[in-house]
Amino acid sequence: MGYSEVAWEEGNQSSLGEFILLGVSDRPQLELLLFVLILISYVMTLLGNTTIIVVSWLDPCLHTPMYFFLSNLSFLDLCYSTSLGPQMLVNFRSARKSIPWAGCVAQLYISLSLGSTECLLLAVMAYDRYAAVCQPLRYTAIMSRRLCLQMAVTTWLSGSGNALVKTLLTLRLPRCGRNQIDHFFCEVPALLKLACADTSTNMAELLTGSVFFLLLPLGLILVSYGYIGTAVLRMRSAEGRRKVFNTCTSHLAVVSLLYGTASYMYLLHPSQDRGKLVSLFYTMVTPMLNPLIYTLRNKEVHGALRRVLGRNPTSQGT
């Protein structure tokens, strides 16, 4: 499909009114397969992350910094998937795959804000694990309720600020009537391709943002886990090593999924078709897998689930 052949004024008016999300509309079978997969992913995301939030809130044994941040992550993933998933599902089954201009702006800002916040939140969670493993006697004093709230608020505000800058810089570019986005949703790299002006400033800001919200947090996470690995090797208790290993491998699995796919998209700039599919991993697949990764071998969550459901009301977290 090519760009609409219309007059300048008519095309500019159309582009202000709506965008067309091309996705994979030229491959109906793949589109149907993606509809089914994303529907399953979205439903599982809703169920899994809602369960973590409710259980962490209801069970006193999970009123700890680790589960406070995990609840933040689950709430973030719920919002992230909901900002993109329903619109994608509707477009997959619609003949005209459009999104209003205001809807595209909202989708762009919300997804950027939540994605940036998640990158920072994972670094905060790594610091929490560092404090728990490497400074166990001072852990309660270090990770005070006030500090946890400050760190959470800082990640959310920083993500929102980054999203605001990127959204404004992207929207100020002239499109010369172009309104067909070769993507599943409104995302910066795809929108920049519509511009009919120099985008070097936008690309420079995109690279700078990627360094601060991808590479820098990833570096902090790796440093934290370097110290954690050293501390684990010094542990004499096999049970202690196993518990730390289970918790930390879960976090590292989530980090690998998010940072790996997001870095590939925003730093390596893959081809359009490959980029579209990669974007589904950090927008739909990762939010679905996070609850499974964090709870699959987590005895504390298993015990909390039993207590909340009333199957074992007297049991204690392990």
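Predicted model: local features only at pLDDT ≥ 70, side-chain atom pairs only at ≥ 80, totals over all residues.

Residues are numbered from 1 along each chain as its sequence is written, and side-chain values use heavy atoms, with hydrogens and water left out.

**Stop 1: a disulfide.** A disulfide is a covalent bond between the sulfur atoms of two cysteines. Here the term is used for a pair of cysteine sulfur atoms within 2.5 Å. How many disulfides does a search of the whole structure find? The search turns up 2.

Select Cys 104 and Cys 186: their sulfurs sit 1.9 Å apart and form a disulfide. Cys 104 belongs to helix H4 (residues 101-134), while Cys 186 is in the loop between strand S3 (180-181) and helix H7 (188-192), so this pair links distant parts of the chain, 82 residues apart. (Helices are DSSP runs of H or I with at least four residues, strands are runs of E with at least two, and both are numbered from the N terminus.) Look along the S-S bond: the torsion is about -125°, so this disulfide is left-handed.

Now colour by accessibility. Buried means under 20% relative accessible area, exposed means over 50%, and partly exposed is in between, using a 1.4 Å probe and protein chains only. Cys 104 is buried at 3%, and Cys 186 is buried at 0%.

**Stop 2: the other pair.** Pick Cys 176 and Cys 196, a disulfide with sulfur atoms 1.8 Å apart. Its S-S angle is 80°, and the link is right-handed. Cys 176 lies in the loop between helix H6 (145-171) and S3, and Cys 196 in the loop between H7 and helix H8 (200-234), so the bond ties together parts 20 residues apart in sequence. Buried or partly exposed, what is Cys 176? Cys 176 is partly exposed at 32%, and Cys 196 is partly exposed at 30%.

**Stop 3: Cys 61.** Cys 61 is partly exposed at 35%, whereas Cys 148 is buried at 5%.

**Last stop: helix H2.** Select residues 28-58, which make up the 31 residues of H2. Among its buried residues are Leu 34, Phe 35, Ile 38 and Tyr 42.

Key:
Expected span 1.5 Å × (residues − 1).
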